[in-house]
Amino acid sequence: MRYKLTFVIGLAIGYVLGTRAGHERYEQLKKSARQFAQNPAVRNAAESAAHSSREVAGKAFHTVSEKVGERVPDSVAERVRSLRERTAAGEDDWGTSNT
């Protein structure tokens, strides 16, 4: 019982002290993350990675299509077609452009 009480008291003290310093540190981290994300080099790298991944996914789709051929059920083939048409419209599920 003594250890439980010591643990609870230590937890309460840590919580109080952590919340006082925690909010300020959280705001610092949030500001740093925002600055990092708005950095043009980071944005260019992210867009380049997204573009490369789209190209690789397209190549993989064609390779799988050639190997699997007509063995894909119609329901799956229709779902893939609808996804491709939707992404060809300009935006993908992540809200990024397909440029």
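The chain exposes about 8800 Å² of surface, and carbon and sulfur atoms supply 61% of that area. Of its 99 residues, 4% are buried. The model is predicted, with an average pLDDT of 77 over the chain. Its secondary structure consists of three helices and zero strands.

**Confidence**

- A pLDDT of at least 70 is reached by 81% of the residues.
- Among the elements of the chain, helix 2 (residues 40-68) has the highest mean pLDDT, at 85.
- The lowest mean among the elements, 74, belongs to helix 3 (residues 74-88).
- Where pLDDT is low, the predicted coordinates should not be read in detail.

**Architecture**

- Read from the N terminus, the order of elements is α-α-α.
- Helix 2 contains 29 residues. From its first C-alpha to its last it reaches 41 Å, close to the 42 Å expected at 1.5 Å a residue.
- At the start of helix 2, a side-chain oxygen of Asn39 comes to within 3.0 Å of the backbone nitrogen of Ala41.

**Nonpolar surface patch**

- Leu5, Ile9, Ile13 and Leu17 form a nonpolar patch on the surface. Together these four residues have about 390 Å² of accessible area.
- One member of the patch, Leu5, is located in helix 1 (residues 2-38).
- The relative accessible area of Leu5 is 52%, so this residue is classed as exposed, the cut-off for that class being over 50%.

**Salt bridge**

- The structure holds one salt bridge. Its partners are Glu27 and Lys30, whose closest N and O atoms are 4.0 Å apart.
- Both residues belong to helix 1, and because they lie three residues apart, about one helical turn separates Glu27 from Lys30.
- Glu27 is partly exposed, with a relative accessible area of 33%.
- Lys30 is likewise partly exposed, its relative accessible area being 35%.

Methods: Residues are numbered from 1 along each chain as its sequence is written. This is a predicted model: local features need pLDDT of at least 70, side-chain atom pairs count only at pLDDT 80 or more; totals for chains, interfaces and linings use all residues. Side-chain values use heavy atoms; hydrogens and water are left out. pLDDT is the predictor's confidence in each residue, from 0 to 100. Helices (H or I, at least four residues) and strands (E, at least two) are DSSP runs, numbered from the N terminus. Buried means under 20% relative accessible area, exposed over 50%, partly exposed in between (1.4 Å probe, protein chains only). Accessible areas come from the Shrake-Rupley method with a 1.4 Å probe; for residues, only the protein chains shown count as cover. Patches are made of residues with over 30% relative accessible area and no salt bridge: like charges are joined within 9 Å, nonpolar side chains (Val, Leu, Ile, Met, Phe, Trp, Tyr) within 5 Å. A salt bridge is a side-chain nitrogen of Lys or Arg within 4 Å of a carboxyl oxygen of Asp or Glu. The expected span of a helix is 1.5 Å times one less than its number of residues. A polar contact is a pair of N or O atoms within 3.5 Å; within protein, one must be able to donate a hydrogen and the other to accept it, and residues adjacent in sequence count only if both atoms are side-chain atoms.
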